Amino acid sequence: MALYVALCYYDRDKYWTSSPEAEHSPEYMEFARRATEAGVMRGGEALHPVTMSTTITVSGGEGGDVLLVDGPYAEAKEVLGGYFLLETADLDEAIAWAVQIPAAWQGKIELRPIAPVHA
Amino acid sequence: MDATDALVEVLKDEGPRVLATLARTIGDLAVAEDALSEATITALDAWPRTGIPDNPRAWLTVVARRKALDQLRRESARTAKETAAFRWGTEPAPDQIEDAIEAMEPESSLRDDMLRLIFTCCHPALGREARVALSLRTLARLEVPAIARAFLVPEATMAKRLVRARAKIATARVPYAVPSDTELPGRLAAVLAVVYLIATEAHAPTGGDAVTRVDLEAEAIRLARLLAGLMPDETEALSLLALLLLTSARTRARTDADGNPVTLADQDRTRWNRTAIDEGLAWLSEAVARSGGVAGPYQIQAHLAAAHSTALSWQDTDWDRIVGLYDLLGSITVSPVVALNRAVAVTERDGPEAGLSALKSIDGLEYSHLWHAALADSLRRLGRTSDAAGELHTAVTLAPSEVEQRLLQGRLQAIRSELG
């Protein structure tokens with residue numbers, strides 16, 4: 001089995017003040033229910049809008065000066081609104097689930113394999 | 001064809017089959033690839049001395065499997081002593097080949113393995129360039145330098161592209177599987193598109209001074225043949241093979257004695273390859289018979305190629321049928337290039353006035369040398385010679401390759417001499 005994160009991106013302008021997932025729309029709840037029932041969903045959260053973000057940089061290495069900036073890191077057209085963790089046999093199966101997430105038609109989904117961390 | 005060519009042909013035909021099964025049994029495409037490469041080197045060394053074995057696939061399978069196991073052992077935690085105990089000689093003993101033939105999978109299973117390999121290499125999760133590169137390397141067994149040359153990129157760039165593609169297959173777990181029935185149409189289209197892209201690069205090279213890249217053309221046909229053989233019920237696969245064969249029949253006539261391109265209108269049709277035309281027509285009728293009246297884009301293009309291939313001359317061409325086929329093609333794939341070709345056919349069927357208005361109604365080709373060249377042709381026929389010269393001048397500046405620039409430059413000179 002392989003673990004993927006489905007990152008849900010939305011148009012920045014539309015997402016500026018409200019996030020579809022933050023509202024916990026019935027569509028999302030329905031997707032989460034189906035994916036959980038199928039044993040595919042390993043987690044997932046909605047993120048508050050990027051206006052709530054704080055971007056942090058520590059300059060000069062660990063323990064250095066902390067620089068805080070209001071807002072997101074990248075001035076991208078699309079912003080991250082939430083994510084799902086999906087565990088499937090392969091990429092095709094993950095894609096088959098990802099296309100059912102509303103972000104796929106409301107915005108875009110980036111499906112990325114997770115590199116396991118070995119403690 | 002000398003002995004080495006014969007060897008290479010066998011390796012190209014059998015290589016992908018060996019690889020397909022090996023990739024499934026080993027479970028790692030990259031390891032299987034490396035193993036087959038090593039086995040190929042061994043074969044190129046041994047076969048000139050021993051002759052091509054009776055069953056080259058079995059021979060390659062034995063050697064490649066051994067190399068793959070070797071590598072897996074090297075990677076695993078086994079001790080060097082254990083590994084050494086497993087090492088055999090490089091060439092298989094006759095009884096080992098016997099065993100391999102016996103253990104060989106039935107044809108149907110090999111077919112599935114080949115399909116798995118093809119659908120993996122052409123998975124839409126891989127970039128277009130990656131799919132083309134992987135297909136040429138994995139399915140057509142082209143060496144990296146040859147692929148790099150074909151696409152005019154440095155060898156290191158092509159090698160990196162292949163490494164990245166294989167890494168994505170492994171890390172993102174692109175499945176080594178035949179797509180499900182619901183996914184198949186879309187996935188098959190992606191596979192055919194890769195072959196079509198290779199053929200397009202062969203017929204309109206983006207660089208270099210060849211009119212046709214004969215090497216790439218042969219690879220595209222080899223791949224199309226492979227697909228048609230594996231999926232005889234997929235009529236678009238059969239149609240693509242028909243299209244490529246019919247197009248390749250004209251390759252010899254596309255270049256004159258000085259290496260300059262000759263357009264279809266001016267080609268010496270006695271130089272067309274009749275064998276390729278006949279084979280193309282046979283595949284096309286097979287596709288038509290199986291498609292139940294529903295023609296896909298490749299079938300329509302094959303019909304177009306066939307209409308040209310069977311015409312005695314440019315003048316004698318059935319332009320009414322050609323315009324009709326372009327109308328049909330335009331109704332399923334909206335493309336300004338299709339509209340352009342249709343307008344050229346309209347010029348031949350209805351005259352330059354109608355052709356000119358058809359050309360002018362196309363949007364989005366302002367930067368296409370072909371559009372300006374077609375406009376020039378209609379204008380010239382209408383007697384508007386100086387307007388035609390202007391369009392040809394634009395066409396020359398927009399032409400993407402030296403070869404096409406030369407062709408258009410020649411026409412421009414001819415028209416300027418008419419102007420006096």
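Beyond its neighbours within four places in sequence, B:Val31 is in contact with B:Ile26, B:Ala68, B:Gln71 and B:Leu72 in the predicted model. B:Val31 belongs to helix 2 of chain B, which covers residues 29–50.

The fold of chain B contains 20 helices and zero strands. The C-alpha trace of chain B spans about 85 × 45 × 40 Å along its principal axes. Of the 420 residues in chain B, 41% are buried. When contacts in chain B between residues at least 6 apart in sequence are considered, 63% of them join residues at least 24 apart.

Two packed helices are described by the angle between their axes and the distance between the axes. In chain B, helix 7 (residues 128–139) packs with helix 9 (residues 155–171) at an angle of about 95°, and the axes are 9 Å apart. Helix 7 of chain B is therefore roughly perpendicular to helix 9 of chain B, since angles of 65 to 115 degrees are assigned to that category. On the helix 7 side of chain B, the contact is formed by B:Glu129, B:Ala130, B:Ala133, B:Leu134 and B:Arg137. These meet B:Met158, B:Arg161, B:Leu162, B:Arg164 and B:Ala165 in helix 9 of chain B. Classified by residue type, the contact of helix 7 with helix 9 of chain B comprises six nonpolar and four charged residues, with no polar residues.

Between the chains, five residues of chain A are in contact with six residues of chain B. The side of chain A that touches chain B has three nonpolar and two charged residues, and no polar ones.

As to confidence, the model scores ipTM 0.83 and pTM 0.82. The average pLDDT of chain B is 88, and 92% of the residues score at least 70. Over residues 81–89 of chain B, however, the pLDDT is below 50. Beyond near neighbours in sequence, this stretch has six contacts in the model. Where pLDDT is low, the predicted coordinates should not be read in detail.

Key
Residues numbered from 1 in each chain as written. Chains lettered and ligands numbered in written order. Predicted model: local features only at pLDDT ≥ 70, side-chain atom pairs only at ≥ 80, totals over all residues. Axes fitted to C-alpha atoms, helices over the stretch in contact; angles between N-to-C directions. Helix = DSSP H or I, 4+ residues; strand = E, 2+ residues; numbered from the N terminus. Parallel < 35°, antiparallel > 145°, perpendicular 65-115°, else oblique. Contact = placed C-beta atoms within 7 Å. Nonpolar A, V, L, I, M, F, W, Y, C, P; charged D, E, K, R; others polar. pLDDT = per-residue confidence, 0-100. Buried ≥ 20, exposed ≤ 12 C-beta atoms within 10 Å, placed from the backbone.
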